[in-house]
Each structure stands twice: as C-alpha cells, then as structure tokens.
2 protein chains.
Amino acid sequence: MRKVIHGGDIYQYPAEIIDFSSNINPLGIPHSVKKILQGNWEHLLRYPDIDYRALRQNIAAYHLIGEEQVLVGNGAAEIIFLLGNFFRGKKILIPVPAFGEYAEAVKLGGGEVVTLKRDVADFALPLEEIRMLLKQVDGIILCNPNNPTGQILREPELREIVELTYTLGKYLILDEAFIDFVPEPEKSSGLKWLKHHSQLIIIRAYTKYYALPGLRLGYGLGDERVLADLRRYQMPWSVNSLAVEIGKVVLKDREYQQLSREWIGRERNFLQTHLQEMVGLRIFPTEANFFLIKLENGQIARELKQRMIEKGVLIRDASSFVGLDDSYFRVAIKERTDNLRLINALTEALQEYKAE
Amino acid sequence: MRKVIHGGDIYQYPAEIIDFSSNINPLGIPHSVKKILQGNWEHLLRYPDIDYRALRQNIAAYHLIGEEQVLVGNGAAEIIFLLGNFFRGKKILIPVPAFGEYAEAVKLGGGEVVTLKRDVADFALPLEEIRMLLKQVDGIILCNPNNPTGQILREPELREIVELTYTLGKYLILDEAFIDFVPEPEKSSGLKWLKHHSQLIIIRAYTKYYALPGLRLGYGLGDERVLADLRRYQMPWSVNSLAVEIGKVVLKDREYQQLSREWIGRERNFLQTHLQEMVGLRIFPTEANFFLIKLENGQIARELKQRMIEKGVLIRDASSFVGLDDSYFRVAIKERTDNLRLINALTEALQEYKAE
C-alpha cells in the first residue's frame, strides 16, 4: 500500500538471512538499554508524558542546548512527516538520490518537491545549482552523511549552505540520522549553527546508532517557535513509554559509543578494501555505515538481490531511489563474520555472472 | 503546546498520587504480556514489519474478519489523526461532550466540525437532530460507550444510526475504545455491520482494557479501500516492535479478560452505590470504567481537583470537554482499596465545602 520502498523488510524472507539492507549498528542492544528493559515495565502502565519533559531535558543536556529546542518523535520518520505538514503550500528543494520519505512527506502534506539530481560521477552536492534554485523555493532538505550515497558534507560546504539559507531566509533541514557513524561527527554537524539560524532544523535518530529500529525514537532540533508549529501536527503520545525511558539513558552510554567507534572504523576499512578488489563493482567512498555500489557490467541490482538471497544475504536494491538507475545496490557494514559472508557471496555472484 | 487537555498527565504530581484521571484497567499488565517482555527483546533490533501482516492477521482472526479490514496504529489516537487527514475538506458531525481529539484531528486535517450538544439532563444522543443534520455533513463520529459520559448506545439506537448513515451514504465512525468494559460488548458493537456498511469505521484500543497506555497500540476496522486511503497519511513504522509482539498475544488472554469482567462488574456497582449516597453529587449511569459526576451545589471541579490532590487522589476536571461546564469531573473505576480512598477523599472534600 505504501509508495516508498525501504530496506529492512525482512519479514518476507527466511529467518536465517543476514540483513545488509537496513543500516543498523550490529553491536546490538546497548547494555544500558537491557538494564532498563529488565523487568522494569511499570512505565507501560502509564501514558507517556504528553510533553516529554524529562526526555527532552536529557537530549538538550546531551547537545548543550535548551529543552525548548527539542521535539521528540516516533523515529526520525515522524519528524520528517511533521515537516511535510509544516511545508504545506511550500516548495522544497531535494537533491537526489536521497531518503525517499522526504519527497513523500512533502507531497503528502500538500507541498511541492523540486528535485535536483546529483552528478552520478561522484554524487557531489551541486552547489552552483543549489545557489540558484534556493531563491525559487522555501527550503532544502539534506541528509548528512547522505543516504544512500554515504558521503559527508564537510564544514566548508556545509557552512556555505547554512549561510546561503540564512541570508535568503530559507528553511534548511539537515537529516543527521547517520552522523554518529562518521569519524568526527561534531565537525560535520549543523549543531553549532542552531543558535543563529532560526530556520535550521536538525533531525536525529536513535534507530541506527543504538540498534533500536523497533523502539521508534528520534528527534528534531530547532528554533522554539518553528518546533511549536511542527508540533501542531503531531498526534498525542506518538512516542511510547519504553522509548522515553531508554532515550533518557542511552545517550550517556559511553561504553557503547566507544565500542561503536572502534567497530565502524575497523570494518568500514575492511569492507572497502575487499569490495574495491572486486572486478565489476564501483564502490563509492563512504563515511556512513553503508556502501553504495554500482554494478558496472550491465547486471541489474534486482537480479543480484535474488541471487544473494539464495546465498543467505539480503542486500538493498537501490533502484527505487530517484536519481539512481537499476545498477545500484546498498549494503550495510556489519560485524567481521557477516562482512566476510557478504564478500564471499558477492564474489560468488560476480563469478557466476562471468561464467554465464 | 497542545490544545486538547487529557487525563493521566501525572508527571506534574507527586509519585504517590492515585490516578483516577485516566481510565486504565487497574489489574495491570497482563501475565501474557509479561511473558513477552521477559528478556525477549530481539524484535527491538528490527524495524517493525512495515505492513504489520502478522499483527493484522491476529486482530482479524479475533474479530472474524479479513486482515485487509484492519489498520493498526500508534494507539487509537493515530487512527483518529488519520481520519482527520482523510476528512480534509469534509464536514463532520460530533455530538458533544466527546473525546477532544476528534474535533482537533478534523480541524487539523482541514475539515469542518459541526458540533451538536447532547442534553445535559441525561446526555442521551439527540437522534432527531442527528437525522436532520446528517444530510448536511459527510459523516459523524460517535464514541460507544461515550467518553466522558459513560453511557452506551444500545442496539436499537445504534442500528438506526447505522441504517441512516448507510442510506444517506455518510461516514460513521464508532470509537469503541472502552467497549471491552461493557457488560455485553458484542451487543453494543458496530462489528456486525462492518461487512455491509463500507463507510463504517470502528476504532479499538489496547490502551485501556489491557492497561498498556505506554505501549501505544490501537486499530481501525473498516472497508479495505477506505483503510487504504487512511493509510496514505500514515508515517512508516508508527507502531513499535514491542507493541506488535504484545498485540499478537494479548487478545487471546482469556484469563485476563475473565478477571477484568469480574472486577468491573463488582467495582462499578460498589462505586456507584457509594457515590450515589453522597449529598451534592449527581452521578451519571455508566457502562464504561469511569463515572462522570456533576457538583450540584455550585462548587467548581477545578477547585475540587486541587483539594483532592492534597488528599492524594487525582481526578479529571471535565470542564475542558466542549458541552460541559465547570461543575463536572470524571473518575476512573479502580481496585477496591483505591476506590475506598476515592470515596473517603470525596466525602471529606464535600464535608469541607459544607463547613465553609
């Protein structure tokens, strides 16, 4: 029934399949979360605080901002949906390929999407065109690091976009759902401009980094008045009580954050080295926890996906992303044993193609 | 920031307060739910099934309908919100007093609310006026049993509304969030007409009856095409994985259902008998798990609420419901020891008024 296709729809595949299609931290549920879950269920008996005061205070303290600058949501997905409603009647620029829910949310809310294609050579952000197009729209949505391409917008480029939108009085949405996986998140985050740019909204998720996609928790950061406008479109109690309790503690879990940093640095390099050795694949450099890959010899990703499923590995056919053709797929970075299984399965598949 | 005021906002009161302001089954978390929660957290590591196939199958089997007639949501609140979007540009009749989110959702979605006041003498549904007004609107929203008044729409009346909306081709929304507390739910439910009336939508919640307001799970039942239209406005993964797992088992928990039936029959009678003995209160007959009460001697509910808080009891000042003045309050039915504390605190408060 839904229009946007996502990774992670493992419910139609055998239970043993290794899921490389959704980009979740493979270290699993943080220890701090398990402590919360341990028989501590009394909060399910109560409605969540309808204003999420305690949770917002914790998030604000983590980012050193005011709690009135925090809006919590049912995953980053709800913040995106609220933005869609907020942008009713507005024109929003979306460089693609990008997460499909941006365009869906804007259209559903009654806004107009202006699509700008990144150059498939390297998927760099077309700054010149953005500079021109920004004058004709009300805002722009950027994902940093970008899903599905994986590359990061570095500070000079980011600063230019921030200044440009500030000067022109346009909305700048920075979806930072994957930024915790980046080597130096604080350098690439828009957080430092939050105080000065009242039309800047940053989206964050607990989903990916803390391996809790089933919990449904994300948040938006921005100007108090803009967030109040967004909240007008929010249903009551959209965030469940368990998410509230977990959300309060997990940002302080330094051990999990340290282990994640070690894992991602190690496995990103490992996978990149091995993927680049394979003939027939083009690997795009990534600072996120996934790789976008292009099949260079005319094979199509949908077909490769079927082949890989037979080998027990689920990849993300990326052809449903606007701006990509049917030669692209995406794989998450997982733990070493799984990454080896991905490499083996891919190697096998590519050899099969050669033999055919 | 939100406009609708709800019960259950206990976060601003001392932890020891007994909450009579939200209408939750006091038997607590069902045993079947505790078994699910017991260390069984792997589902948090996965996105929920974006189509909720297994959960919808379970709900469909429980009601003996097709799974395509089930739409799951983040509490009944999400179904109401989706209806609000679905009714964009439409006129919707809402007899009041009623749950405040109906009007809020319709207005927010861009529809027009036509309010019809029930007679405060007994809050009976004004069938004559509904018959006339229905011709000028696109649909009607009814809560059965009604929140906050507690009375049930019996089969002859309900049948008349069903036939009327069917004949005129109007939407009929029946919110049955509290129907499991009614002595004979199946007699008062609109379920039996679901197959024949394609514009009938029934809303159900897990929140109240299974004491899981923190979990966020509810659903809508209706015609496949209407539900598909509603779903267009739904954000992805609005129901969390834990809710999915719990939702699958709890409808089969016959033991909890039996215990709940015994408790509600016993305590509704007990509370009613004692409340009716109090001078200065008017008790409205209820088939739900709460009582609407009117202060008859000029006291105002807001003031009584403060007095009761000092006695460790939180009641629901009902004056925020459109159609009620400031003399009404609502109390949930709880376990015997709590009900006795409510009676004692109320008796004390009424004596204080007399002495003043």
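## Symmetry of the two copies

Copies are superposed by least squares on the C-alpha atoms of residues with pLDDT of at least 70 in both. In this predicted model, a rotation of 180° with 0.0 Å of shift along its axis brings chain A onto chain B, at an RMSD of 0.0 Å. The two copies are thus related as by a two-fold rotation axis.

The contact surfaces agree with one another as well: 100% of the interface residues of chain A are also interface residues in chain B, so the copies meet through the same surface.

## Extent of the interface

The size of an interface is often given as the accessible area lost when the parts come together. Between chain A and chain B the buried area is about 5200 Å², and carbon and sulfur atoms give 66% of that area. On the side of chain A, the residues that lose the most area to chain B are A:Trp41, A:Leu44 and A:Tyr47, which together make up 15% of what that side buries.

In terms of residues, 52 of chain A are in contact with 53 of chain B.

## Polar and charged pairs across the interface

Which polar interactions link chain A and chain B? The rule finds 12 residue pairs in polar contact across the interface, both partners being at pLDDT 80 or more.

The elements of chain A that give two or more residues to the side touching chain B are α1 (31–37), α3 (75–86), α4 (101–109), α8 (224–231) and α9 (241–250). Of these, α3(A) gives the most, with 3 residues. By class, this side of chain A has 26 nonpolar, 12 polar and 14 charged residues.

## Salt bridges in the model

Side chains of opposite charge can pair when their charged atoms come close. Over all chains, the count comes to 40 salt bridges. One salt bridge is formed by A:Lys248 with A:Glu245, whose closest N and O atoms are 3.6 Å apart. Both A:Lys248 and A:Glu245 belong to helix α9 of chain A, where they are 3 residues apart, about one turn of the helix.

## An antiparallel sheet in chain A

In chain A, 4 strands form an open sheet in the order β9-β10-β13-β12, with antiparallel pairing. Its edge strands are β9 (281–283) and β12 (316–317), each of which pairs on one side only.

Strand β12(A) is joined to β13 (residues 328–332) of chain A by 2 bridges, and these strands run antiparallel. Opposite A:Asp317 stands A:Phe329, in β13(A).

Notes:
Residues numbered from 1 in each chain as written. Chains lettered and ligands numbered in written order. Heavy atoms only, no water. Contact = heavy atoms within 4.5 Å. Buried area = accessible area lost by both parts, 1.4 Å probe. Polar contact = N/O pair within 3.5 Å; in protein donor to acceptor, adjacent residues only side chain to side chain. Nonpolar A, V, L, I, M, F, W, Y, C, P; charged D, E, K, R; others polar. Pairing = 2+ DSSP bridges. Salt bridge = Lys/Arg side-chain N within 4 Å of Asp/Glu carboxyl O.
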